[in-house]
Every structure is written in C-alpha cells, then in structure tokens.
Amino acid sequence: MPEAAYVASLGRFEGVVMRAACFTESGKPLEIQDVPDPDPGPGEIVLAVKGCGICGSDLHVTELGAAIPHGTVMGHEFAGEIVAVGTDATGPDGPWREGDRVCTMPGISCGTCQRCVNGDVMGCANLRMTGFGDIGGGYAEYALGGDRMTFRLPDNLSSSDGAMVEPLAVGLHAVDRSGLRNGEDVLIVGAGPVGLACSVWAKILGAREVVVSDFSAHRREMALAYGATAAIDPANDELGSEYQRITGRPPMLAFECVGRPDVVHALSLIADRGARILSAGMCMARDHFMPLVFGTKELSMQFVSYYTHQNYQLTVDMLAAERIDPLPMITDRITLDALPVAFEALRKPSTECKVVVQPLV
Ligand SMILES: [Zn+2]
Ligand SMILES: [Zn+2]
C-alpha cells in the first residue's frame with residue numbers, strides 16, 4: 001500500500017491513492033478502499049485527518065437506501081493537519097500553511113452570497129457538502145476544506161480532539177437559536193452528543209436549571225459533567241412531574257435531542273403554556289404532533305441544523321479557554337481499519353458517546 005504523499009514540486013498529490021471507508025449500499029458495512037486523494041483547488045486546503053467523529057446521522061443515512069450515492073466517503077466531524085494548500089487559500093491570520101493544525105466545517109461555500117456574508121455558510125445556496133456525496137469526508141486519510149471555513153486549533157487541543165468542535169458547535173447553534181434567556185430553566189431530552197452539547201452550552205449561556213433526561217445511567221452521569229444540574233431517568237420517574245419537582249413549574253424551553261418520532265409530541269404534552277420546543281435531534285422518520293395541543297397552549301416549535309461560522313469560532317475559543325472539556329465525551333478512539341465494524345456496532349444501543357476515528361495518527 002503506497003503512502004499518500006504530497007509532492008511539493010508538483011503542487012499536488014501524485015500517483016498515489018489514499019485509504020477511505022466507503023459506503024456501498026445500505027445493509028452492508030462500509031468498505032475500506034483505495035480512492036484518489038483530494039487535490040486542493042483555489043481557496044481550498046487538504047488536511048491529513050487526525051480525528052473524525054462518528055455521527056448518528058451517518059448511521060441514519062446509510063439505513064435510508066438511496067440517501068447517499070454509492071462510493072460516498074462520509075465523516076463530517078474532522079480535524080487534522082494541513083498537507084496541501086490551494087492557490088489563495090487564506091485563513092483569518094494569513095495564508096494557510098502546511099503543518100497548520102485545523103478543523104474545518106463540513107462543506108465548501110461560495111463565500112459571496114448573502115447567507116455566506118452573514119455567516120450562515122452551511123445555508124449557502126451553492127454549498128458543496130462534505131461527507132454526504134459532494135465532497136469526500138473524514139472517514140479517509142485526507143479530506144478537503146474551504147479556506148474560510150477552516151479554523152486554527154488552539155495549542156491545548158490535539159489535532160484528533162479537534163474533531164469535537166463540530167458536535168459542540170451543533171449544541172451552541174441549537175441553544176443560540178432557542179433564544180435562551182438568562183436565568184431560564186431548560187429541559188433537554190436525550191444525552192447523546194447533541195444533548196450533551198446543548199446542555200453544556202445552555203449552562204455557559206446563562207440557563208439556571210439544566211435538566212437532562214435519558215434512559216441510560218451512563219449518559220445521565222455524563223450530562224452532569226456537561227452542564228446539567230439534574231438528570232432524570234424517564235424509566236423511573238414521570239418526566240413532566242419530575243421536571244416540575246426540580247424547577248417548580250412545567251418546561252418553558254425544551255430541547256428534543258433524540259432524533260426519534262413521538263418525542264416532540266410528548267414534550268408538547270408536558271410543556272407549559274407559551275413554551276418553546278426546539279428540535280435538534282434530526283429525526284429522519286415521519287413524526288406527528290397534535291396541533292390542538294400546540295394551539296391551546298400556544299407553543300412554538302423551532303428546528304435547527306448545523307451551525308454558523310460564528311458558532312464554530314466561538315466553540316474553538318471556548319475550547320481554547322478550557323471552558324469546555326471535550327475529552328469525557330470521547331468514549332473510544334479507533335483506526336480507519338476498525339471503522340466498518342465499529343460503525344455497525346453503533347447501530348445497537350451501547351454506552352458509547354463519541355467514537356473518534358483516527359485515520360492518520
Ligand atoms: Zn454530526
Ligand atoms: Zn454562499
């Protein structure tokens with residue numbers, strides 16, 4: 001197996017392939033294959049992937065049949081070291097250089113449309129998505145990034161742990177969009193990576209009680225390390241009454257971080273009049289709720305996905321300031337070769353939180 005190498009005199013990778021975990025068809029494990037290395041175009045960088053988180057949405061899209069094309073290299077939560085720089089690829093503090101340790105947002109946006117100008121780069125109408133078909137993702141030795149969507153990692157964050165910026169930014173975006181007010185109590189249902197990220201940011205951004213509900217004792221414990229002030233086991237305690245016992249009133253702000261049907265409906269039943277329900281779990285099945293419940297209580301509903309450029313930068317800053325410790329969330333680190341088996345194992349309930357693939361360490 002040839003080692004992929006960047007040939008500086010040629011300005012590109014030459015005559016080599018890289019190893020990547022490729023999606024073939026649903027029902028089959030990912031396959032480790034030799035595929036062409038990415039070549040950086042203008043304004044692009046290539047990074048050696050040191051860490052890439054396995055995301056629940058990757059598990060879901062591979063169950064949905066034709067949701068992604070054959071041969072897709074998934075992985076949208078990655079960080080590493082720059083090994084090739086396209087022309088005019090410039091970061092916030094000058095041109096990107098080989099050896100720079102970075103994380104990159106999972107897509108390359110146009111940079112000129114109104115949404116890009118506002119920082120809503122993942123909403124760019126011309127976005128090329130990373131890890132879902134347009135551009136190969138981080139389940140590979142090398143991956144492409146856009147220069148303006150790439151962020152320098154602080155010294156206290158390893159290139160592998162830089163993979164945690166993405167899932168944490170998801171939580172920041174959700175809490176930001178929820179309009180959380182200072183001193184407000186929140187309920188978070190689901191303590192997977194999304195729920196934990198919402199929990200830690202809710203606390204940082206001024207929530208009073210952060211009550212997290214999850215069936216798993218391990219995850220409830222994790223939530224208490226990530227900003228939660230109380231954790232509820234819904235198998236033992238009725239969620240609505242237990243929340244009310246803790247905070248003194250029914251939920252006025254609730255986050256759905258489970259990604260399965262019926263959770264929004266259940267939250268609407270226990271919510272207080274005028275409450276906001278924010279859905280961050282990205283349920284990929286048809287869900288239902290009863291407009292009568294939303295109507296009589298005048299509930300509002302918000303859906304979110306991804307993050308803004310500003311969310312990503314603030315996440316990097318808070319990790320640099322050690323306001324968030326990403327390490328407890330990482331429950332396993334695996335090689336690229338181990339990914340296909342580990343990926344299938346995550347389809348079943350487990351105590352894993354974030355499993356980080358390390359294609360090149
Ligand atoms: Zn993800
Ligand atoms: Zn744009």
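The centres of domain 1 and domain 2, taken over C-alpha atoms, are separated by 30 Å; the domain bounds come from an automatic or database domain assignment. This is a predicted model, in which local features need pLDDT of at least 70 and side-chain atom pairs count only at pLDDT 80 or more, while totals for chains, interfaces and linings use all residues. Residues are numbered from 1 along each chain as its sequence is written, with chains lettered from A and ligands numbered from 1 in the order in which they are written.

Me: Which element gives the largest share of the side of domain 1 that touches domain 2?
Reply: Domain 1 covers 6-152 + 326-357, and domain 2 covers 168-303. Their contact takes 10 residues from domain 1 and 10 residues from domain 2, two residues being in contact if their C-beta atoms, placed from the backbone, lie within 7 Å. On the side of domain 1, three residues, the largest share, come from helix α1 (residues 56-61).

Me: How do the residues of that side of domain 1 divide into nonpolar, polar and charged?
Reply: Ala, Val, Leu, Ile, Met, Phe, Trp, Tyr, Cys and Pro count as nonpolar, Asp, Glu, Lys and Arg as charged, and the others, Gly among them, as polar. By this scheme the side of domain 1 that touches domain 2 holds five nonpolar, four polar and one charged.

Me: Why is the protein chain described as being as compact as a globular protein of its length?
Reply: The chain has 10 helices and 21 strands, where helices (H or I, at least four residues) and strands (E, at least two) are DSSP runs numbered from the N terminus. The globule rule is 2.2 Å times the number of residues to the power 0.38, and the radius of gyration is taken over C-alpha atoms. The chain is as compact as a globular protein of that length because the rule gives 21 Å for 361 residues, and its radius of gyration is close to this, at 21 Å.

Me: Is Pro167 buried or exposed?
Reply: Pro167 lies in helix α3 (residues 165-178). A residue is buried if 20 or more other C-beta atoms lie within 10 Å of its own, exposed if 12 or fewer, and partly exposed in between, with C-beta atoms placed from the backbone. Pro167 has 23 C-beta neighbours inside 10 Å, so the residue counts as buried.

Me: Which residue of β21 is the bridge partner of Ile330?
Reply: Strands pair if DSSP finds at least two bridges between them. Strand β20 (residues 330-334) pairs with β21 in the parallel sense over four bridges, whereas strand β5 (residues 44-53) and β21 run antiparallel, joined by two bridges. For Ile330, the partner in β21 is Lys354.

Me: What is the C-alpha separation of Pro167 and Lys354?
Reply: Apart from neighbours within four places in sequence, the contacts of Pro167 are Gly53, Glu77, Pro193, Ala197 and Lys354. Pro167 and Lys354 are 187 residues apart along the chain, and their C-alpha atoms are separated by 9.2 Å.

Me: Which residues of strand β21 point the other way from Lys354 and Val356?
Reply: In a regular strand the side chains alternate between the two faces of the sheet. In strand β21 (residues 354-357), all four residues are buried; Lys354 and Val356 point one way, and the other way point Val355 and Val357.
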